[in-house]
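User: Hi, I am new to this structure. Could you walk me through it?

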Amino acid sequence: MTPHQRVLTTLDHRAPDRVPIDFGGTMVTGIHVSVVAALRDYYGLERRPVKALDPGQMLGLVEDDLKTAMGIDVEGVFRRATRFGFPLDDWKPFRMYDGLEILVPGQFNYTLDDNGDTLMHPQGDVSAPPSARMPKDGYFFDAIIRQDPIDEDRLNPQDNLEEFGPVSEAELKHLAESAHAARATGRAVIASFGGTSFGDIALIPAPALKHPKGIRDITEWYMATRARRGYVHQVFQKQCEIALANFARIQAVVGDRIDVVFVCGTDFGTQKSSFCSVESFDELWLPYYKAINDWIHRNTNWKTLKHSCGSVAKFYPSFIEAGFDIINPVQCSAAGMDPEVLKRAFGDRLIFWGGGVDTQKTLPFGKPGEVREEVLRRLEVFSANGGYVFNAVHNIQARTPVANVVAMLAAVKEFHGRPRTGVHSD
C-alpha cells in the first residue's frame, strides 16, 4: 500500500499492510526541535538548522527526508500564523539555551527579563506586554496570564471572541497551496484549520493579542464553565458560527486533498480524573462539536480528530455522539485508560491515533529495551482489526534520547513481521 492508502484503510476500520505512523502531522503529534536535530544526525541527513514549526512548544518541522527515514505516512497542513500572531516565514537563527541552533519565524521577536528568561511578544511587537515565557534553562514557552480585573456587570462575550473572525484571502491561498503540496507527497493529509478548539486553555490566554479582554485567566475560565455558563455558551455559539462559515470557504479551496481535520485540542482529563463531569461536557461542549462534525461529514469526506489528554474514557461515548471519528493521544498511563479495555469497548467506533509509548516516563527515561516492549504491547492491542495510527502519547519532549526514539520506530517495524498472538493487557 501507499502511505495514503494505508491510512485510508485504517480510517475505514480495516487492517492495512502495516500500521501507519504519524509524527509531525499536528501540533499534538510532533517532535521537539532538539530531537528532530538528533534524528537528522542519526540518519545521516543533511545537517541544517531545524525550523520551529510551533515556537511555543518548540516543535520541529519534520522534513520530507526525515519522514522517509522514519517511515511516516502522514503529512500536515498548518495555518499560516502561529499562536502568537506572526506568520511562519522569513526564517532566522535562534540559539536555544543549550547551544542548539535552530530557525524561528522572522517576527519571532523577544526580550530577556532580569532572570534571563526569554519573553515572547504577541505579533512580534516588543512594545506590547509579553504573552509567553521560556525559562533561561527551558525548552518551550508557557503562557503569561494578562487578565484585567473582571467586572461582572460589564462582561461581554465579544471580548472572548476577538481572535476569531472570517478567514482571510491570504490564509485561503496558503491553505490551498499547502493542501496541494501535501497531497503531492503521497501521504495521507491531516489539516489544522483552527478556530474550533472550544475553551482550549492553551488558547484562552490569547497569546496572539496585545491586550486581551474578557476572561483570559485559566483558573477564572474553568470557574466560568460552572458559574457563568450563559456567558460561555454565547462565546461558543458565536465561535461555532464563525468556524462553520470559514469551513465552507476553506473546503471550497482545499477540496478532497484533505483526509483528516484536527478539530480540537481542548483537554478534559487529568492524570487521575477530569476537569468536568460528563453532564457538563454534554451541556457545554457537545452541541458545538456536533455542529462542526455534522457539517464536515455532510459536506466532505474528511474524518475528524479530537485531542484530549488525561483520564477521558468516560467522555468517549459523548465524543462519539458528537461525531468524532478519531481520538488522540490515548494517554494509557492515566486512570481508567487501559488499552485493552478501550479497544474492546470503542474500537469499532473510534480510530485510536497515538498511545504507542508513554512520553512522560518510558520514552524519555526508560531504556531502549523497555521502549521496545511497551511499543510491541501497545501495537498488539490497538492494531487488532485495524483502526490504529501509531504515535506516541502526545509530542516527543525535549532531549528525549535518540536511541529510545529509534528503538520505538524499530519496534513498530519489528511488529509488522510478527504473527499476531492475541491481545495483551498493558
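**A pocket and a sheet**

Analyst: Happy to! In this predicted model, the lining of the second largest pocket draws at least two residues from each of strand 1, helix 3 (64–70), strand 3 (74–77) and helix 4 (169–184).

User: Which element gives the largest share of the lining of that second largest pocket?

Analyst: The pocket has a volume of about 430 Å³. Its lining counts 20 residues, and those closest to the centre include Leu53, Glu75 and Phe78. By class, 9 lining residues are nonpolar, 4 polar and 7 charged. The largest share, 4 residues, is supplied by helix 4.

User: Why is one side of strand 2 and of strand 4 left without a neighbour in the sheet?

Analyst: The open sheet has 4 strands in the order 2-1-5-4, with mixed pairing. Strand 2 (59–60) and strand 4 (92–95) each have one side left without a neighbour because each stands at an edge, with a single partner strand.

User: In strand 2, what is the bridge partner of Asp54?

Analyst: Strand 1 (residues 50–54) and strand 2 run antiparallel and are joined by 2 bridges. For Asp54, the bridge partner in strand 2 is Leu59.

User: At what angle does helix 2 run to strand 1?

Analyst: Helix 2 spans residues 33–42 and lies across strand 1, strand 2 and strand 5 (101–104). Its angle to strand 1 is about 145 degrees.

User: Over which residues is the pLDDT below 50?

Analyst: The protein averages a pLDDT of 96, and 98% of the residues score at least 70. Where pLDDT is low, the predicted coordinates should not be read in detail. The stretch with pLDDT below 50 covers residues 421–426.

Terms used. Residues are numbered from 1 along each chain as its sequence is written. This is a predicted model: local features need pLDDT of at least 70, side-chain atom pairs count only at pLDDT 80 or more; totals for chains, interfaces and linings use all residues. Side-chain values use heavy atoms; hydrogens and water are left out. Two strands pair if DSSP finds at least two bridges between them. Contact means heavy atoms within 4.5 Å. Axes are lines fitted to C-alpha atoms, for helices over the stretch in contact, and angles run from 0 to 180 degrees between N-to-C directions. pLDDT is the predictor's confidence in each residue, from 0 to 100. On a 1 Å grid over the protein atoms alone, a cavity is a set of points where a 1.4 Å probe fits but cannot get out, and a pocket is an open set with protein on both sides within 12 Å along at least five of seven lines; lining residues have an atom within 4 Å of a point. Grid points are joined across faces, edges and corners, and a volume is the space filled by probe spheres set on the points. Ala, Val, Leu, Ile, Met, Phe, Trp, Tyr, Cys and Pro count as nonpolar, Asp, Glu, Lys and Arg as charged, and the others, Gly among them, as polar.
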